[in-house]
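Please look through the sequence and the coordinates shown here before reading on. The paragraphs that follow go from strand pairing to the arrangement of domains and chains.

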Amino acid sequence: MRAKISSRDVEEARRIRREMADWEYINKQPPRIREALKYYIETGDLYVASRIAEVCIEEFNDLRIRARIPNVG
Amino acid sequence: MSVERRFAIADTCFLIDWARYRNRDLLFKIFDVVFVSESVLREIKSETTISWIASKLAENKLALYTETEEELEEARKLVEISRRIPHIPSIDLPEALCLSIGRRRNYVVLTENKGAIMAPEFVEGYRDVVVWRALEVLLAAHLVGEVYVDCNNPLKYFIEYQEDTLHIFSQRDLLEVRHKIERTRCEQK
């Protein structure tokens, strides 16, 4: 058994993140957090997003959940 | 289907979602030991997650993995390679390190990073690395009989995982796992 995804899955995940995100919440955040959340929506990359936000990955994951951005897998 | 019990190495993205899951100890029904690197531990801050990880380290279900210079160097090269392949999402150092360790030590790599999931297919030398997401861990738990399957609601554990973590599985994946669970656990009854 192996995980397998395609480029189409990556695009679909981005679409779902954009649609489900709470944009009102995101746009109220301080600039660094706001831009990190937008970066996460576009890429799904939790690690780099956490570095943009200057928080650890777990703290950024909490921000992601508060902003209603799903981790699409 | 039998799933051999074995070692895994988890990256942070997998572990922080998994730690929020109500049935998180299912992980240790599938793997004898799940390694976590020192860099993964540094990314964990909440009391509940730290408490779970510390207790599982004490029970020898989780184990600390100290990476070598060679593994780190291989991981850095893998990051560069991933940047040269246009149709896969880039791989960052933490996931690359898990892939490097997985390749060298034959550990299952637990990650949700899409670049890391695609690496065995597109990066030379990584074809034999087995990468699992939460989806595969949950499916394995069903297929080996570690969870009770309600054949009227075979996706119960997957739905609960989504609720606990705001981690959404694709409809296609859910349909596929539903068929596998029904074939393995329901049609035999």
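**Strands, domains and the chain contact**

In chain B, strands β2(B) and β3(B) run parallel and are joined by four bridges. Within this pairing, Val36(B) stands opposite Leu64(B) of β3(B). These coordinates belong to a predicted model, and strand β2(B) is mostly covered in it, since five of its seven residues are buried.

On to the neighbouring strand: β2(B), residues 31-37, also pairs in the parallel sense with β1(B), residues 6-10, over five bridges, and here Val33(B) in β2(B) is the bridge partner of Phe7(B). Both pairings belong to an open sheet of five strands with parallel pairing, whose order in chain B is β3-β2-β1-β4-β5. The strands β3 (62-65) and β5 of chain B stand at the edges of this sheet, and each has a single partner strand, so one side of each is left without a neighbour in the sheet. Strands of a sheet pair through backbone hydrogen bonds, in either a parallel or an antiparallel sense.

Helix α3 of chain B contains Glu38(B). Is Glu38(B) buried or exposed? Glu38(B) has 10 other C-beta atoms within 10 Å, and because a residue counts as exposed when 12 or fewer lie within that distance, Glu38(B) is exposed. Glu38(B) and Tyr65(B), which are 27 residues apart in sequence, lie 6.6 Å apart in space from C-alpha to C-alpha.

After α4(B) comes Asn60(B), whose phi is positive, near 65°.

At the level of domains, chain B is divided into domain 1 (6-132) and domain 2 (144-186). The centres of these two domains of chain B, taken over C-alpha atoms, are separated by 23 Å. Contact between them involves seven residues of domain 1 of chain B and eight residues of domain 2 of chain B, and the side contributed by domain 1 has two nonpolar, one polar and four charged residues.

Between the chains, 31 residues of chain B are in contact with 25 residues of chain A. On the side of chain B that touches chain A, at least two residues each are supplied by α1 (12-18), α7 (114-122), β5 (131-132), α8 (134-143) and β6 (167-168) of chain B. The residues of this side of chain B divide into 16 nonpolar, seven polar and eight charged. Strand pairing also crosses between the chains: β1 of chain A, residues 71-72, and β6(B) run parallel and are joined by two bridges, with Val72(A) opposite Ile168(B) in β6(B).

Finally, the confidence scores. The model scores ipTM 0.83 and pTM 0.91. For chain B the mean pLDDT is 91, and 96% of its residues reach 70 or more. Among the elements of chain B, helix α3 (residues 38-42) has the lowest mean pLDDT, 86, whereas strand β4 (residues 108-110) has the highest, 97. Where pLDDT is low, the predicted coordinates should not be read in detail.

Methods
Residues are numbered from 1 along each chain as its sequence is written. Chains are lettered from A and ligands numbered from 1 in the order in which they are written. This is a predicted model: local features need pLDDT of at least 70, side-chain atom pairs count only at pLDDT 80 or more; totals for chains, interfaces and linings use all residues. Domain bounds come from an automatic or database domain assignment. Two residues are in contact if their C-beta atoms, placed from the backbone, lie within 7 Å. Ala, Val, Leu, Ile, Met, Phe, Trp, Tyr, Cys and Pro count as nonpolar, Asp, Glu, Lys and Arg as charged, and the others, Gly among them, as polar. Two strands pair if DSSP finds at least two bridges between them. pLDDT is the predictor's confidence in each residue, from 0 to 100. A residue is buried if 20 or more other C-beta atoms lie within 10 Å of its own, exposed if 12 or fewer, and partly exposed in between; C-beta atoms are placed from the backbone.
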